[in-house]
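Here is a short briefing to read beside the sequence and the model.

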Amino acid sequence: MRRGEIITAGILALLSLYMMWESTELEVGYIRGTGPGGGAWPFWLSAVMLVCTVVIAINWARRTSPPSQSTEPVLDAEGRKMLLQVGGGLLLFIGLIDILSMYGAMAVFLFYYLWFLGRHTLLLSLTTAFLAPIGFFFFFEGLMRITMPSGLSFTAPVFNLLYDIIY
Amino acid sequence: MEILGLLAGGLIEALEPLNLMLIMIGVTVGLWIGAMPGLGSVNGVAILLPITFLVPPGSAIIFLAAIYYGAMYGGAISSITLGIPGASTAVATTFDGRPLALQGRAGLALVTAAIASFMGGTVSVILFTAFAPALASVALSFGPPEIFALMLLAFATFVGLGGDDVPKTILSICLGLVFASVGYDQISGAPRLVFFDISGFLHGINFLVLAIGVYGIGEMIWTIDSTRGTITTTESKMSLKSLKVDTREGISRGWKGMTIGSFLGFFVGVLPAAGATPGSLMAYGVTKMVSRNPREFGKGHPGGVAAPEAANNSASTGSMLPMITLGIPGSPTTAILLGGMIIWGLTPGPRLFIDESEFVWGLIGSFYVSNVAALVINIAFIPLFVWMLRMPFTILAPMIFVLSVVGGYAAVRDMHDIWLMLIFGLSAFFLRKFDYPLAPAVLAIVLGPIAEPTLRQSLLLSSGDPTIFLTRPVAGPITIIAIILILLPLFKVILDKLRGRKQGV
């Protein structure tokens, strides 16, 4: 945890510097007659962030914050495995949206999570993965009139069938 | 007496069979829309606006106001049960609502939220009835320096009263404010902070992307990691007896928050451009400050649910005041309601009370009826929401992830933002490990678009002199209180050192 805290502060300091640099594309000072420039607000706030990271680093060196006193790892082996499985599942879910559509990707993710991670029965996993996207479809597309990504063209026959029901 | 007569007429109109039916439907629809992450009253009112052309204008606005009320009640449901604030107004409700749900006390949190919402709605509608025209003129006297001072006060409550690591809290606030400024500069229109020239940043970062990322994804991964996925979210059960016990506890421990939230929320809601979000945050901060046990806040105190819920409901009524009396909408939802009124041939403004007296008092009467209907319908649905939480965590967790992604997309309609949401979620997980408070960042991204232009307008008014925030009669005291709150942690450190020295001697 101790090393993790200083690395996090370092990353945030770099982010602050980057945002300060990006802000300078617009005026960061006061322009007579028009007020503070367009870059002033993000520039000075990023500068405050940078100062905060310095204070966090000082507190880390003085070992005053709880993470700087901790000898525990940020993630143990099981934590890393969990992050890989859950985070990876989410990455796959979002990545599949443009291919399988929002509802198709949702079905894959639900099945993966329920069956593989949750160790639920095949029947429950398949039923939930099939029915939940249909429920979401009727709520969002039918009731709320919000169109979700429909994926590649091969999904069209399924969508045509569902749209015939709601329109 | 004249007001009471007019109000009685309004109540009779609101209780007509058609209007009563519209109130019941509107509140129920609003409740479910509000409970869905990513959807709020603004979606419900906008989508159902065309349907209202089938009924007379008086009934139409009653229906839309009922949806608005229902959605304000519903916003608390996802904050408490899922830990995802459905709308910015319900962010503060997650601070104590979620911990209560995790302790198996979701029933208490939901009942407290319902009663607080009812109280907020009732107090505000009484204030609305009594002081509508007078308050509208007070609200108009709030200029950019006063609004900015209010924003400063909202952030100061986090620094002074948050109880978290101060530099990390300030960093979190600044991060949220900088993210709020991504996109186009509101005044010059020039592109700003387009990170790595990715065009998706041109439309800015919607607060929901950060809120759902932090609370929906980051919080869930953190819960799975800290419990190793073995928990069942809550063991809470709902019966008539437990409902009675929860009601009693909710009132006895949350009455202070309800009172503060009801009054503070109304006055902040009345201010154009302020609205329910800063109102709910300030109510939370003030309730924590005056509480005998401030350390219990953030860990599951009913007062922490009562204050923001009373405030956001009270503010939603308050924000109708400038809309009706002056034609200035106080929130995005009231802007749509205003559009509806214009379509129906009504002109909002001071003359509306005289020219369309029946319409105005019918609407005010419907506020009273909607409030009672929302309380009853909300309490009737609580067992269903609690049952939802008794699902095994390995079913609830993927459902929350799915709701986060679908709800996030429904709000922003851009895959770039969904990827950003995932990045925010993973970053939030690690930042939380190192004790960075993330609620201030979420609130800062909501308040940033109000804070920046009001600061710039104020400095323009004063030719760059920052003392404008201290010299104006209303802005001055608010700014001073904010400065004291910001310096409060420093005073505490000095006091502790002095005490330490004395003990050493």
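In which helix of chain B does Val406(B) lie? Val406(B) belongs to helix 17 of chain B. This is a predicted model, in which local features need pLDDT of at least 70, side-chain atom pairs count only at pLDDT 80 or more, and totals for chains, interfaces and linings use all residues. Residues are numbered from 1 along each chain as its sequence is written, while chains are lettered from A and ligands numbered from 1 in the order in which they are written.

**Val406(B) and its surroundings**

- Val406(B) counts as buried, because 24 C-beta neighbours lie inside 10 Å.
- The cut-offs for burial are these: buried means 20 or more other C-beta atoms within 10 Å of the residue's own, exposed means 12 or fewer, and partly exposed is in between, with C-beta atoms placed from the backbone.
- Leaving out residues up to four places away in sequence, Val406(B) touches Met102(A), Phe136(A) and Phe140(A).
- Two residues are in contact if their C-beta atoms, placed from the backbone, lie within 7 Å.
- Val406(B) and Ile418(B) are 12 residues apart along the chain, and their C-alpha atoms are separated by 9.1 Å.

**The contact between the chains**

- Chain B gives 48 residues to the contact and chain A gives 56 residues.
- On the side of chain B that touches chain A, helices 3 (41–48), 8 (166–180), 9 (207–227), 17 (393–412), 18 (415–433) and 19 (439–461) of chain B each supply at least two residues.
- Helix 17 of chain B provides the largest share of that side, 9 residues.
- By class, the side of chain B that touches chain A holds 33 nonpolar, 5 polar and 10 charged residues.
- In these classes, Ala, Val, Leu, Ile, Met, Phe, Trp, Tyr, Cys and Pro count as nonpolar, Asp, Glu, Lys and Arg as charged, and the others, Gly among them, as polar.

**Chain A as a whole**

- Chain A has 6 helices and 2 strands.
- Its elements run α-β-β-α-α-α-α-α from the N terminus on.
- Chain A is more spread out than a compact globule, because its radius of gyration is 24 Å, well over the 15 Å that the globule rule gives for 167 residues.
- That radius is taken over C-alpha atoms, and the globule rule is 2.2 Å times the number of residues to the power 0.38.
- The C-alpha trace of chain A spans about 60 × 55 × 25 Å along its principal axes.
- Of the 167 residues in chain A, 32% are buried.
- Among contacts in chain A with a separation of 6 or more, 51% join residues 24 or more positions apart.
- Helices (H or I, at least four residues) and strands (E, at least two) are DSSP runs, numbered from the N terminus.

**Helix 1 and helix 2 of chain A**

- Helix 1 (residues 2–23) and helix 2 (residues 40–61) of chain A pack at about 160°, with axes 8 Å apart.
- Axes are lines fitted to C-alpha atoms, for helices over the stretch in contact, and angles run from 0 to 180 degrees between N-to-C directions.
- Helix 1 and helix 2 of chain A are therefore roughly antiparallel to each other, a term for angles over 145 degrees.
- Their crossing is left-handed.
- Residues in this contact include Leu12(A) and Met19(A) of helix 1 of chain A, and Phe43(A) and Trp60(A) of helix 2 of chain A.
- The contact of helix 1 with helix 2 of chain A has 15 nonpolar, 4 polar and 1 charged residues.

- Thr155(A) sits in the loop between helix 5 (122–143) and helix 6 (156–166) of chain A.
- Thr155(A) is partly exposed, with 16 other C-beta atoms within 10 Å.
- Beyond residues up to four places away in sequence, Thr155(A) touches Leu100(A), Ser101(A), Gly104(A) and Ser150(A).
- Arg119(A) is in the loop between helix 4 (77–117) and helix 5 of chain A.
- Phi of Arg119(A) is positive, near 55°, in a residue other than glycine.
- Arg119(A) counts as exposed, because it has 9 C-beta neighbours inside 10 Å.
- Ser463(B) lies in the loop between helix 19 and helix 20 (468–471) of chain B.
- Ser463(B) is not a glycine, yet its phi is positive at about 55°.
- With 11 C-beta neighbours inside 10 Å, Ser463(B) is classed as exposed.

Conventions
Angles under 35 degrees count as roughly parallel, over 145 as roughly antiparallel, 65 to 115 as roughly perpendicular and the rest as oblique. A crossing is left-handed if the near helix is turned anticlockwise from the far one by less than a right angle, and right-handed if clockwise.
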